[in-house]
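Subject: Structure handover

Hello,

Here is the structure for you to take over. My notes follow below it.

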Amino acid sequence: MSDNTVQMTQMNYDSDRPAAENPVKIMDLTLRDGHQSLFATRGRTEDMIPVAELMDEVGFWAIETWGGATFDTMHRFLNEDPWERLRTLKRYIKKTPFSMLLRAQNLVGYRNYADDLAEAFVERSAENGMDIFRTFDALNDYRNFETVVKQIKACGKHFQGCICYTMTEPRLGGDVYNLEYYLAKARDLEAMGADSICIKDMAGLLAPYDAYELVKALKTNVTLPIHLHSHFTSGMSPMTHLKAIEAGVDIIDTCMTPYAYRTSHAAVEPLVMTLLGTNRDTGFDIKKLATINEIFEKEVLPKYKHLLDDSKVSIIDINVLLHQTPGGMLSNLVNQLREMDALDKIGEVYRELPRVRRDLGQIPLVTPTSQIVGVQTVNNVLHDTPEERYKMITGQVKDLCYGLYGKTAVPINPEVQKKALKGYPRGEEPITCRPAEVLEPELEKAREAVGELAKDIDDVILYAQFPVTGKKFLEWKYGITPAPKEVQPVTIEEVRKKDEIIKKAKAGQLVEKKSNAPAKTDALRSFNVFIDQEYFRVDVDPVGGPMVARASAAPAPPQPVVPAAAPAVVRAEPAAAVPPPSGSLLLAPMPGMIVKYEKKVGDKVEQGETVVVLEAMKMENALPAPTSGTIKAIDFASGDSITKGAVLCVIG
Ligand code: CO
């Protein structure tokens, strides 16, 4: 066995230099985690094709192309079939294996799915072109690996087992997440037949010297290749990479420069240069990497730069060192508070978060547990009173308390657990078995529910994981309803035109003259617009005829605000022309999307009974009837996006 010191071995730096003795292998994350971290997972397949063949030439150990949030955002926001991306990229990337992020029994969704669906999903992923299944469970409960691992192996594919890296102390150690914990997890993975082990540091918490100790211990105790996935968020990861390399790590995750840093990963190019000429030289040709970067910079990134959170100059988020929250989770919390006009409560959220995490069993914070803890924290801050904590418990927290996600690192606070499970439909006594044991098979049910809309098994699997948005997507896909403009791609020319207009506006050359302007109509109205000391006159001519004034003297309902991440269709609250039936109103406590109504007009409800399930920030919230009575009116349907304060139903 070679020692782990990194040594200079040659002075030939040409691209055809001889291979190093033990090169560090690199997995590229640009096409998945890169745009998921920086650009809200909005990367389109058409923007990956221009670099695909070049990336295949670099010599990456693997390219991460799929999984994580891509499956959700593609069908929901991009009108793209996630399966098609896999097949398309495979036509361009022929040599380099594909890797995906698989949330174990959560697949690529946000809850544990039944075994039959999990088996079908893995089989279809392999069939469509997936090679390496990087598998993790948010609770590090490997009972949630059993079903998918069996299937990955049956398909003859690579099973990479993850250990989610988390801490309760500022550094590796303490009573829960110490070195023994990680070694025990690694041995469990080895016993399960893992082909490699990944240390999954989703929040960038792994400090360089802890990485050295951890990797060294893993290399001594298990024989499998060790792969490090460490986000840049806190700024430590390039140092962490180097110390891990010195400790003998086998594979490192990086991104191409335009997709690197901030909450993403360190860039590949500095690492290539750092190791050049050593016994761990990657062997990569830096010029090839530069060519790829140029295409990204010129042809692709202009379409996405508006998604980059540039509210801060600093690219390092020290909050992660203080609060241990992954970057994606932080931006979710901020968005959620902003939509509810409660951004001033962020300090309270930071204080409440560790308390909620402790109550819920000191769980790692990674999808979906980061959303579970994050949304419950926001609920507590906004709705709790000094007399009552956990006033509004999300469905997912109830599931967690029941044991549906698996075993938590330490026991859940019994008081919170009892409150969460009061009236819980599966029972008030939590389970201790493998969670999927209690789940009914669901593939056939999904097949029946989606009916003719699904043309093949891949459609059914998509629908089974995302019944509401999946159905919408299948309707777009098969031309039953037209896909709204918001989900259509933009061209680079459109982006350049828009940039040009913004530039002109900033330069004071306000309006572009349009030669083909339509004639003004009688409906033209003029407005005076005041901006600081400046004054503009703006003429507005409604397209499609004059506006009709509302007949009612009542004040017009407030215009709905479209939540930043919401699907396209936002239904306004009904116009005030028809007076709403009198009675108690169930108002939306937060913006979100209607998953389903449990009641219909005419049904009797008891106070506290669930009327409607609302999805907010990917968590489902069961909203109870504010009073007993009969449902008199329901204004929305499944799939509708609603604003805070929208009238969800009237009870009289
Ligand atoms: Co990641």
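In which loop is N79 found? N79 sits between helix 3 (70-77) and helix 4 (82-92); helices (H or I, at least four residues) and strands (E, at least two) are DSSP runs, numbered from the N terminus.

This is a predicted model, in which local features need pLDDT of at least 70, side-chain atom pairs count only at pLDDT 80 or more, and totals for chains, interfaces and linings use all residues. Residues are numbered from 1 along each chain as its sequence is written, and side-chain values use heavy atoms, with hydrogens and water left out.

Backbone. Most residues other than glycine have a negative phi. N79 has a positive phi, near 50°, and is partly exposed at 23% relative accessibility (buried means under 20% relative accessible area, exposed over 50%, partly exposed in between, with a 1.4 Å probe and protein chains only). A40 also has a positive phi, near 55°. A40 is in the loop between helix 1 (30-38) and helix 2 (49-56), and is partly exposed with a relative accessible area of 34%.

Metal site. A cobalt ion is coordinated by D33 (OD), H229 (NE2) and H231 (NE2) at 2.1 to 2.2 Å. Donors are N, O and S atoms within 2.8 Å of the metal (3.2 Å for Na, K and Ca); water is not among the atoms, so sites may look incomplete. The donors are spaced D-x195-H-x1-H along the chain. D33 belongs to helix 1 and H229 to strand 7 (residues 226-230), so this pair ties together parts 196 residues apart in sequence. Both D33 and H229 are buried.

Regards
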